[in-house]
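Here are my notes on the two-chain model you sent. Please read them with the structure open.

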Amino acid sequence: MITIEALNKSYGEHTVLQNIHLELKRGEVNGIAGENGAGKTTLFKCLAGLKKYTGTIRYEGSGLLKNVTGFLPATPYFLSRLTGKEYLQLMAHARGRYGTDIEAGNVFDLPLEEYAENYSTGMQKKLAITGLLIQQNELFILDEPFNGVDIHSNIIIREIIARLKQANKIVVMSSHIFSTLNDSCDHLHHLKEGRIQKTVGKGRFEEIETAMKGEGIGARLDQLLAADPSATV
Amino acid sequence: MKTYFQIQYRRLLRGIQAFGVPSYAGLAGILIGFPALTVLLFARTPYAPYLYLLFALMSLVPLGAAERNNFLRTLFAIQQYHRVRLAENLLLAAPFSIMLLVYRQWLAALAVIAVSIVLSRINQLRHSARVIPTPFSKQPFEFTTGFRRQWWVILIALVLTGIGLYVDNYNLSLVALAALLLQCMGFYTQPEPDFYVWVYALTPKQLLLAKIKTALYHTLLLCLPITLLLSGFYPQQAWITGLLLLAGILNVLMSVVVKYSAYPAQPGLPQLISMAVALVCPPLLLLFIPYYFKRAAAQLNPYLT
């Protein structure tokens, strides 16, 4: 289990995360929902150890949490002139897995002999996910894993998340698509302006969806659409 | 077009500031440093014109990068785009050419200008999707990506070595070896995104040692053929060849630790001065490498613990 207590993150005077408390249990998928700029990516980076923070993150497992964490950034970055295979080799070697059978780990059937930078957005995301899988991590932080992927890959990623859950891994993810959160997550946390506003269990996710709709532009949009089109500007 | 060059000038000043130097002082430093380094180069080797040509070429090639040129094409109409490319290539080639003229290297000076004109018309050097095979692909990434970006430098070095051996000119082949070693140092100039450091399940010291080991192994792999050839053809000068290889390897290791000593930023002026001093006086590397190793370990600490 991973326990996050009183986590705060600021950039100078600008506070991005405030007093975050979360419990991420093994065999559970936790979803983070929030508007753009709510602090989801910052929270993920703090959890991964890519950003400094104040507060506590405790890992009840052996070894350093960072070394068993797989982080999928919202937009994975690939080094220029590195093939898909070499990227996966790099990911495996970084975790000391020198004997990894890269071809066998190619669950998405990616063209591994081509430069990763030339892959489409969806293929790059799949490659990054494959990298996390071959590292055999314990914690999977997935920032927008469904962004830019096609329907077939969407199904496979859902399957992967379900399998990770079965394998007793810890998964935390974000998505702007409620249906994917609904399908994959056991708990959903609503992050707003750097604070966890609400946490609900499976079956009650629409409470957060409703709350988020309330924050939206619905009323202003209605007003705009109802405007008299013949009126001069 | 005028606005474009004004912006480039501002970017240059900002780049100098990023090194921690007041921009105009840095500009003055470049204006004084470039001729000073040229004088030093021409004083130390009779093959300075060849090296100079190589340096000029290495400076011009990045201007033809596909992404950059695609962006420029969206900014300018096609004729204006060609004028911009020609102007910036000539601007970059001019200092090299002027210094070559000072040294009465007419042919080399003309060659620099000609190459800059030709390169301005080749919309490079478009980044090919074809994967270039490399002997370094089993241990990505610095040499793997570096080899694919600059395979032509290796080719030139090999050709120069061949010419040197054919015309029985030891120094020419030695210059080729030096160019290869400099190239290896160049593979460690750009800091990678933090994800590619964070991902390692190693302590900072372990990561640095792993990087040093890979750099050592790959540098040897790249430079050993020329070293062996030179030692075989010129056994009496084998000790000079060996010393150059040793100094070069130490300089490559220096570039590894220097790169991470400022991480995630690029190495600043003090680091660059140390590298330049170490190039001129290699024994200093025995002091510099441990010093920058410690600093690099401290810089990597937030990402790896």
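1. Terms for residue classes come first. Ala, Val, Leu, Ile, Met, Phe, Trp, Tyr, Cys and Pro count as nonpolar; Asp, Glu, Lys and Arg count as charged; the others, Gly among them, count as polar. By that scheme, the lining of the largest cavity has 9 nonpolar, no polar and no charged residues.

2. Ground rules. This is a predicted model, where local features need pLDDT of at least 70, side-chain atom pairs count only at pLDDT 80 or more, and totals for chains, interfaces and linings use all residues. Residues are numbered from 1 along each chain as its sequence is written, chains are lettered from A and ligands numbered from 1 in the order in which they are written, and side-chain values use heavy atoms, with hydrogens and water left out.

3. The cavity. A cavity is a set of points, on a 1 Å grid over the protein atoms alone, where a 1.4 Å probe fits but cannot get out; lining residues have an atom within 4 Å of a point. Grid points are joined across faces, edges and corners, and a volume is the space filled by probe spheres set on the points. The search of the whole structure finds 1 cavity of 30 Å³ or more. The largest cavity has a volume of about 50 Å³.

4. Helices (H or I, at least four residues) and strands (E, at least two) are DSSP runs, numbered from the N terminus. In chain A, α3 (121–134), β6 (139–143) and α4 (151–166) each supply at least two residues of the largest cavity's lining. The largest share, 4 residues, comes from α4(A). Among the lining residues are A:Leu133, A:Phe140 and A:Ile161.

5. The second largest pocket. A pocket is an open set of grid points with protein on both sides within 12 Å along at least five of seven lines. This one holds about 400 Å³ of space. The elements giving two or more residues to its lining are α1 (40–48) and β4 (54–59) of chain A, together with α14 (285–304) of chain B. Of its 18 lining residues, A:Gly49, A:Leu50, A:Tyr53, B:Pro302 and B:Thr305 lie nearest the centre. The lining has 11 nonpolar, 3 polar and 4 charged residues.

6. The interface. Contact (heavy atoms within 4.5 Å) takes 30 residues from chain A and 27 residues from chain B. Buried area is the accessible area (1.4 Å probe) that two parts lose on being put together, summed over both. For chain A and chain B it is about 2600 Å², 64% of it on carbon and sulfur atoms.

7. A salt bridge is a side-chain nitrogen of Lys or Arg within 4 Å of a carboxyl oxygen of Asp or Glu. The count between chain A and chain B is 1. B:Arg148 pairs with A:Glu86 in a salt bridge, with the closest N and O atoms 2.7 Å apart. On the side of chain A that touches chain B, α2(A) gives the most, with 7 residues. By class, that side has 13 nonpolar, 9 polar and 8 charged residues.

8. Backbone points to inspect. B:Pro140 and B:Phe141 are joined by a cis peptide bond, with omega about 25°. B:Phe141 sits in the loop between α6 (106–121) and α7 (142–149) of chain B. The bond from B:Tyr263 to B:Pro264 is also cis, with omega near 5°. In chain A, A:Arg81 has a positive phi, near 60°. A:Arg81 lies in the loop between β5 and α2.
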